[in-house]
Amino acid sequence: MATPVDYGNLEFTRPAKQIKAVNLPAVPQRIFDGMKQYEDAARGFSTSGFERTTKDANGKEVPGGIIVAHRPADAQVTQLYRMPTDPSSTELNRLTYFDIGSGRTISAFRGILEDNWRGVRRRGGAIMVMDLNGNEHFQLWRYWEDSLADQVLPKVQGELDNAPGLGRIERLTHDDYRYGSIVISQANNFMAFASNKENNKDTLVYVTRLIDSNTGAKADASPFTLPSRLVAPSTGEGTTMYNPRSFSLDDKYLLITRQYGSSYNALYVVDISGEQASPPKLIEFPGATEKPEDTAFGDVAFSHNVNLPHLIYCTTNGYADFTSVVAYDLDTASVTHITTSGAAIQAIRPILWEIEDLKVTSDNIVFTVNVEGWTSLFFMPLSGSYKNTVIEVKVTWERGWLTFQTNDLNDKPYELTLHLTSYHSRGRITYLDLLPLLNDVKKDENGNAYVVASGLPYAQAAPPTVAHEVPPTLIRYKSFDNLEVPAIYYHPVGQSVTPVIIHIHGGPESQATANYRTPTHSYLLNELKIAVIYPNVRGSSGYGKKYMAADDVLKREDSVKDIGALLEHITSNMQNELDSSRIAVAGGSYGGYMSLATLTHYSSKLVCGIENFGIVHWPSFLENTADVRRAARRREYGDETIPEIREFLDRISPINNTSKITVPLLITHGENDTRVTVHEAVSMYKTVSKNVHTELVICEMEGHGYKQKSVIEFTNAADILFLERYLLAQSNL
């Protein structure tokens, strides 16, 4: 647990709600005004999926809708909505109104059929996972509507004030531990979740009943604490991090994964059918070609076919450098390869790219493929004429990043919502029915099946667009060791040689994709005529596990050298497009570290830098980060308790190299951040400001990333002003 930050003699101004700043000039109103259209376009829509159809207290069927998340123009934080599944409808009904004065995050909203925890049936609604102030100490909450309950409960002690919304929200856990990874069984009998409530360090798995719960709680105003039984206890070795993944259709088994790091986890099965759960049993996949410590499982789910209740579908890189879809039969311990690409492996349809998202329904599996930052949609029917045929769905749109939800819980396994994000849209939702597409399956030149589809848009779930949006271009360049590094590049329309900002993603196991960017992205391109490059340096995901591991521990600065190579590439190969005398660098989280490291190594080639909630001193970051995260982060970055590793981490830490930074710097950080604590920003400011012009913005009631309207809009405007003064001003020198 980090100690309270010592701000010392820093003199703060308060230029906006939840903002305190040091050495920051007044941001002119013209920037806020100019940013408005871009801020509005960035308030996109996302969905947690279809609600389950249920019945009211009179037995009348109540069709489930689609749950949508969106921040309305007048709200400080994101709120939840419901819209009908029919895309011809334009209804959008707001469910939540509560504002608890912080950058709280609703990380999950899992629909359920009903519960009887308080001795009365509350049908429909959801289990919600939410923190209170951005610190990611997520708690469990029950969302329900009185019209679907057998009895109207009195106002519960601690219930959120959600007026004028129809829904009510009561807290189910009442401590400062972390809860999450909600899994609901198909029959709605059980709910599993993960929590560190045993000792604040180990993340373990618990199961509770939703119906026939016999909790003894009453339908009164007293607070309710969710009972549960531990089914995956600590191993007693190091830090245990389990997460529940899927119940078998017969509720006999629960799949869980044990996380060791971003690139290594293991899959286990627990028999929960008895009074005492069995110890987690490791599932070993036959014929795996990769070492266990080099293997990770992504999406994991039991079959929804009543005849194959113990068949498991999952994504794993246990057979190749890239993640693929495989099926594993728990009863026979046999594997079927669906997309695995390998000379000695017979797969239904080999695909040599990362599988991003896999969902299992009663009659198909649906998944997406990440091809260098753009996603493609696939499905495989499990019955009918195209049984076990992997079919690509070529959706008609501008292409970018696509995610989806299925309506399998309402017996409509081919019905999807698509969440589309691209250079054109921050996030819009469309409807797609896969079933009619099976009437027109085509073959490409390689004999692979595909269909062409046009989604039906939900007009009420589409943000406004901005004129003159710039589509992304994929570029590649060679690094110091001849490794090819990909990057997503945007150049202002109609411009020749322009300034450029290099924006480095966090993670580091993340990826710059064709996804829509922050509001400042389009403002930079359209209003300031600044080009933007998003490099995927070594360590990024999306290019196989060898590429992702190429920056681990002692190879940390190799990724910084990738940015040095990009600077050389701009100078040598992009001189007709980019002005190499006007380059800035920016990034958040791990990208914040990368920005600072780039400044310490290459200040002579840069004019300024922006660092958001980044790591400045590796040992203190590892010591102060949340207990539940520390072991996994040490696997990636190195264990600071080992003397030789600590010496290395100290040596490469930006705070120990501030004398090498010779250009202006802007730092922003969330005060309640438990991943990278605010100590990092404060210590960096106090040190580097002795040498160069430095500005500091502390965001109150915010965690790792910003959620509040006032904070988002102010930090974006501060970024713009900073770049105007130190990147664009160079053209006038």
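**View 1. Ile 570 and its contacts in the predicted model.** Leaving aside neighbours within four places in sequence, Ile 570 touches Val 500, Ile 502, Ile 533, Gln 575, Leu 578, Ser 580 and Ile 583. Contact means heavy atoms within 4.5 Å. This is a predicted model: local features need pLDDT of at least 70, side-chain atom pairs count only at pLDDT 80 or more, and totals for chains, interfaces and linings use all residues. Residues are numbered from 1 along each chain as its sequence is written, and side-chain values use heavy atoms, with hydrogens and water left out.

View 2. The largest nonpolar core has 60 residues, and Ile 570, Tyr 593 and Trp 618 touch the most other members. Helix 5 (residues 590-602) gives the most to this core: seven residues. A second, separate core of 45 residues includes Tyr 38, Leu 528, Tyr 534 and Phe 613. A nonpolar core is a set of buried Ala, Val, Leu, Ile, Met, Phe, Trp, Tyr and Cys residues joined through side-chain atoms within 4.5 Å. Buried means under 20% relative accessible area, exposed over 50%, and partly exposed in between (1.4 Å probe, protein chains only). In soluble globular proteins, nonpolar side chains tend to be buried together.

**View 3. Helix 1 against helix 2.** Helix 1 (residues 29-42) and helix 2 (residues 519-526) pack at about 125°, with axes 8 Å apart. That angle makes helix 1 oblique to helix 2. Angles under 35 degrees count as roughly parallel, over 145 as roughly antiparallel, 65 to 115 as roughly perpendicular, and the rest as oblique. Axes are lines fitted to C-alpha atoms, for helices over the stretch in contact, and angles run from 0 to 180 degrees between N-to-C directions. Helices (H or I, at least four residues) and strands (E, at least two) are DSSP runs, numbered from the N terminus. On helix 1, the meeting residues include Ile 31, Met 35 and Tyr 38. On helix 2, they include Pro 519, Ser 522 and Tyr 523.

**View 4. Two cis peptide bonds.** Ala 163 and Pro 164 are joined by a cis bond, with omega about 5°. Pro 164 sits in the loop between strand 13 (139-145) and strand 14 (167-171). The bond from Gly 507 to Pro 508 is also cis, with omega near 0°.

View 5. Ser 181, in strand 15 (residues 179-184), has phi near 55°. Ser 181 is partly exposed, at 34% relative accessible area. His 468 has phi near 65° and counts as exposed, at 65%.
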